[in-house]
Amino acid sequence: MHHFTELADVPDLPHLLETAKTVAQSPFSLDTLGRHKTLGLIFFNSSLRTRLSSQKAARNLGMEVIVMNVSTDGWQLEFQDGAIMNQGKAEHIKDAAAVMGSYCDILGVRSFPSLTDRDADYAEQVLTAFKKYSGVPVVSLESATRHPLQSLTDVFTIQSHWPDHRPKVVLTWAPHPRALPQAVANSFAEWMNPLDVDFVITHPEGYELHADFVGSATVTHDQRAAFEQADFIYAKNWSSYSEYGQILRADEEWMVTAEKMALTRQAKFMHCLPVRRNVVVADEVMDSAQNITIEQAGNRVVGMQAVLVEILQNIG
Ligand code: SN0
């Protein structure tokens, strides 16, 4: 594997999942694979799990790690090709990415969407620039439209709770006070499509995801019907794609509650975290045995480590 920014970058998903299983069973068996190799973690936005799990994963492989919050600690970056840089922005991404690439063997990059310019967001300006100018493999630490490290971890987590029948996996929209990206939902849908699961997406009208991500999922506006007989409930808020970046409703009607979880087949509750308790999901669900979000977050180390193993093996 070279880059890891979307499912299409993964040459062999079953192989990557096998690598993840091996990593989970013996995290230190390849502790010299990354010797004298440096992972750079570049954040344009906040991070807790991605930042910590990536550092831990890299160190388990003997890698050095450099972390930088570019939006607060770096020069303001210009992304426009041919820009006359006589305003506030001090450095062009062409130069900054090339320099970071010269210090690092692999670069992880986190950048959120603007949620105002849909075309620019879906063109993945930041990630594309890093791929083009850094000269090294790029790992998405969540981009404008996707969060593949989260999705890989989600697939791994679902596989480790696989029931004795073909599972029903439900992605449910939930309310939130802020406008959030579609990235986690897009990516989750992208990675669920190739699995042998009954995949259902439920959301209020106006929250349709781009058809490329929905794929062959069943889409319904009836959340309760979607929950019936579900084995996994994956909750996530996202802002509207059609009325781009807008919050169309924020009422608590779509919150995940114990009463709704009772419609399921004792489903496991999943969320990428951070989660707004008693807005997205009620305490009674978060504090129940059905909640596997902490295990899910723990598995982020496994997901990142598997990705680093496959990229490092490819670098040689
Ligand atoms: C991000 C998102 O994409 O939805 C990161 C998830 C991994 N979530 C948030 O920004 C939540 C922020 C908040 O105010 O609750």
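**Around the ligand: a quick tour**

Okay, let's start at the ligand. The residues around it, meaning those with a heavy atom within 4 Å, are F112, E142, H147, H176, R178, L180, P181, K236, C272, L273 and R276.

Quick note before we go on: this is a predicted model, where local features need pLDDT of at least 70, side-chain atom pairs count only at pLDDT 80 or more, and totals for chains, interfaces and linings use all residues. Residues are numbered from 1 along each chain as its sequence is written, and side-chain values use heavy atoms, with hydrogens and water left out.

So what does that shell consist of? We get 5 nonpolar, 2 polar and 4 charged residues. Here Ala, Val, Leu, Ile, Met, Phe, Trp, Tyr, Cys and Pro count as nonpolar, Asp, Glu, Lys and Arg as charged, and the others, Gly among them, as polar.

Now the polar contacts, which are pairs of N or O atoms within 3.5 Å. R276 has a polar side-chain atom 2.5 Å from a ligand oxygen. For K236 the distance to an oxygen of the ligand is 2.7 Å, and for R178 it's 2.8 Å. On its own, the ligand has 410 Å² of accessible area, and the protein covers 87% of that; these areas come from the Shrake-Rupley method with a 1.4 Å probe.

Key:
Polar contact = N/O pair within 3.5 Å; in protein donor to acceptor, adjacent residues only side chain to side chain.
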